[in-house]
Amino acid sequence: GTYVFDFAEGDRDQKDLLGGKGANLAEMTNLGLPVPPGFTISTEACRAYLKEGDNPAGLAEEVSAHLASLEEKMGRRLGDPADPLLVSVRSGAKFSMPGMMETVLNIGLNDESIQGLAQQSDDERFALDSYRRLLSMFGGTVLGIHGEHFSEALDDLKEQKGTVEDLDLDVEDLRGLVETFKGIIREHAGREFPQDPREQMDLAVKAVFDSWNTDRAVLYRRQERIPEDLGTAVNIQAMVFGNRGMTSGSGVCFTRDPASGNQGEYGDYLQNAQGEDVVAGIRNTVSLADMEKIDKKSHDELLAIMTKLEAHYHDMCDIEFTVEQGKLWMLQTRVGKRTPEAAFRIAVHMADEGLIDMDEALRRVTGEQLANLMFPRFDTHAERTLLAKGMNASPGAAVGKAVFDWATAVEWAENGEDVILVRKETTPEDLHGMMVARGVLTSRGGKTSHAAVVARGMGRTCVCGAEALDVDTREGEFTVRGGKTIREGDVISIDGSTGEVFDGAVPVVDSFVVRYFEGETLDEPIVEAVSRLMAHADAARRLKVRTNADTAEDAGRARKFGAQGIGLCRTEHMFLGDRRGLVENLIVAESEEEQEKALDELLPLQRADFGEIFEAMDGLPVTIRMIDPPLHEFLPDITELSVAMAVADVRGHRKKRQRKLLAAVQRLHESNPMLGLRGVRLGIVIPGLFVMQARAILEAAAARIRAGGRAEPEIMIPLVASVRELDLVRDKIMKVAREVQDAEGVEVPFLVGTMIELPRAALTADQIAGSAQFFSFGTNDLTQMTWGFSRDDVEASFFSNYLEQGVFPVSPFESLDVEGVGALVRKAVELGRGARPDLKLGVCGEHGGDPRSVHFFDEVGLDYVSCSPFRVPVARLEAGRSAI
Ligand code: ADP
Ligand code: MG
Ligand code: MG
């Protein structure tokens, strides 16, 4: 066919054409499993329909032909008054998409064919039950009537009957309900329920097509980055009936536990029910073990099929099935979604069972999942009261008092309170509040909303789009739909990994995985799975992983996490705190002598800092960056200083020091400090500064070596644009290196290299490599400078807008922009290695810990990536995945 395919014609690889559901129905059909026959109208037909606003030519005929052969196979005609064939019309896009029209069951029933169904089945109640379901589903999804009209009518009826059970409704009740439902359709859709079976079917197909463009579906695609132009397929399938008495039923199951990854089947079964009852939670379902007691034959057959499907898909499957009077039917399967814990455990179990090899097991887990497992988490054994569930926008487990505006957040946080900022949605104005809050909770917006983007950027826990919450920021409270009200100051807990919002303070516990990395021996299943996959990744990877660490403590922790050295040790924090005064002395120095004196005072402090770091990283390379930020960052704020001086003036004792400081602040003031006097530029303008730092590094290294240790410093010059800049500071560093080594009487194996973080440096990397023994790509600045984005401003101001409008699918600060910034990296690698084949190459931007970016850096041939200590295991895993 052109647009329509029998289930027997397709296979699981045809998701583009047949949608996920259709492709897998075809696969199961061809595996010989008991699938009710049917056919799939392709996504191509949907695309044509959406483009033309009408069915493409020939579609109706093709559908007729397939329907005719289905009728022949089943020995019944659609809606035949004497003995009707009934079908389901089921949507099914390539990716499963909540927010689209789902499914209409029992199509083909009308006022006449219901008699036929009742007679043939000898069960009038069943026939009426099927009809009322058709009326409400059709009314709801095809005619767009609010589902509450139907459910309220049903509830009213049950109330009159004095029952809460659908099953207590008898033939008379259902006959009345059918009439009530028809009345609801008449009233709210302004038309009669269509009695013509084929019209029912055609309208349902169109409704599925149209549902591709509902607001909710569009929004969901945007959030999940599903392309807009795929369209959905429609499956038309002969009905089997789980609502035909107590020997029938419907269920869903997984071939393993999708939450824990435990081996062994897992599922829910509901007697005398059609599929939607199972998920809707109308009645209590029973476990598969209990199903065995009810219907052993179907149960055993189901288990055999589950084993067969796992063996066939080599993965955990989720399954929808129905039993009609003791006969099992398969209605859906797909590779099942799972939690991060389950992903790791299932991968390892399957390797042990021989279903997949370890390479494949490693492909099945991701760095993001590992990162998720490393967050502190809520104690699942603790008692918890779920208030609502939103989107898991930024992981973590946060507990705090609810506050509803940023000013209160700041005020309370300053008083030492833990707060959770609750908003409908956040705006740039909320930024301060987000910074001080433990977590952020919003009732609107998805994973690309302002709250989500900013929170992820800050590593702040965030749950967004918790739609069940009615947030009233003016009153300072939110109400859970149909439930509790939380007022300002009440404690709540939010889980950014699951999207759950809890009442009160849920206890938080350390992740097992982190405890394992830190050296604890734990007999936890997740630890075993993680350790085995990490070992496999480490054995497979070419790319080394270092850490960004400024202190011995961070270095030590990162080493436990598997860091193979430091890729970025920033020296600026070493100038803050008590040492601020010393830096001020340097800046306000009026003579070379004064400058020298200030530097002499800083030297021993720096030396001690480096000594500790070398000790923590003994035997591993340590890249230390010369001071990078604009100097005014070390000076007092200009307004505060002016005020202080004015006060001093009034009191008549204006101080010389203050006057000098103010002059320095004014002298150093820049409109664009990030483009100003910083990095190598400082080293050139205040030559003694870099020389002092180099001396401190080399003396500390020499001391370490003399003490029997090993130190491999790599001195890194930031913000170089031209080789001339590098040469100017490098000559001085080489000179001091000779002095130190002579004086100490030891050889220090050190390197001098540069950061590549300006486009000009990347484009002249061949020249720069002539003077640099290593490059480290500073991809934060390189992104900033390539896009012309001020990182400190743009993420909070307009990135959510850019993401929504598709300028980029993910912030280029979060995941490397491979096309633009990546092209510069590629070019610099090529030019640099051309000029100096043994050039050491690494990356030290935040991208070093981003899974997608790690694969790129591996591909372009860098020697290592460097990232924050907690991302080190993530980068190791991804480097392994990239290598297989
Ligand atoms: P969703 O994508 O929302 O899961 P489905 O198309 O899978 O929607 O339909 C939901 C449920 O409807 C199925 O799990 C199944 O129980 C029931 N169903 C669908 N088609 C049929 C059918 N031909 N016969 C019996 N039940 C069906
Ligand atoms: Mg389904
Ligand atoms: Mg930089």
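I began with the domain bounds, which come from an automatic or database domain assignment. That assignment gives domain 1 (249–335), domain 2 (376–509) and domain 3 (541–630 + 670–883).

I noted that this is a predicted model, in which local features need pLDDT of at least 70 and side-chain atom pairs count only at pLDDT 80 or more, while totals for chains, interfaces and linings use all residues. Residues are numbered from 1 along each chain as its sequence is written, and chains are lettered from A and ligands numbered from 1 in the order in which they are written.

**Entry 1: domains 2 and 3**

I looked up the C-alpha centres of domain 2 and domain 3 and found them 36 Å apart. Eight residues of domain 2 are in contact with eight residues of domain 3 (in contact: C-beta atoms, placed from the backbone, within 7 Å). On the side of domain 2 that touches domain 3, helix H18 (residues 450–458) gives the largest share, four residues. Helices (H or I, at least four residues) and strands (E, at least two) are DSSP runs, numbered from the N terminus. By class, that side of domain 2 has four nonpolar, four polar and no charged residues. Here Ala, Val, Leu, Ile, Met, Phe, Trp, Tyr, Cys and Pro count as nonpolar, Asp, Glu, Lys and Arg as charged, and the others, Gly among them, as polar.

**Entry 2: helix H7 and its partners**

I took axes as lines fitted to C-alpha atoms, for helices over the stretch in contact, with angles from 0 to 180 degrees between N-to-C directions. Helix H5 (residues 124–142) and helix H7 (residues 171–189) have axes that come within 9 Å and cross at roughly 20°. H5 and H7 are therefore roughly parallel (under 35 degrees; over 145 is roughly antiparallel, 65 to 115 roughly perpendicular, the rest oblique). Their crossing is left-handed (the near helix is turned anticlockwise from the far one by less than a right angle; clockwise is right-handed). Among the residues that meet are Leu-128, Tyr-131 and Leu-135 in H5 and Leu-174, Val-178 and Phe-181 in H7. The contact of H5 with H7 divides into 11 nonpolar, two polar and six charged residues.

I then turned to helix H6 (residues 147–161), whose axis comes within 10 Å of that of H7 and crosses at roughly 150°. H6 and H7 are therefore roughly antiparallel, and their crossing is right-handed. The contact includes Phe-150, Ala-153 and Leu-157 of H6 and Leu-177, Phe-181 and Ile-184 of H7. I counted seven nonpolar, three polar and two charged residues there.

**Entry 3: H13 and H20**

The axes of helix H13 (residues 340–352) and helix H20 (residues 525–540) come within 9 Å and cross at roughly 65°. H13 and H20 are therefore roughly perpendicular, and the crossing is left-handed. Among the contact residues are Phe-344 and Val-348 of H13 and Ile-526 and Leu-533 of H20. The classes are eight nonpolar, no polar and three charged.

**Entry 4: ligand 1**

I found 17 residues around ligand 1, with Ser-88, Arg-90, Thr-103, Gly-275 and Glu-320 the closest (near: C-beta atom, placed from the backbone, within 6 Å). Elements that give two or more residues to this shell include strand S5 (87–93), helix H10 (275–280) and strand S11 (317–324). The shell has six nonpolar, seven polar and four charged residues.

How values were computed: Two residues are in contact if their C-beta atoms, placed from the backbone, lie within 7 Å.
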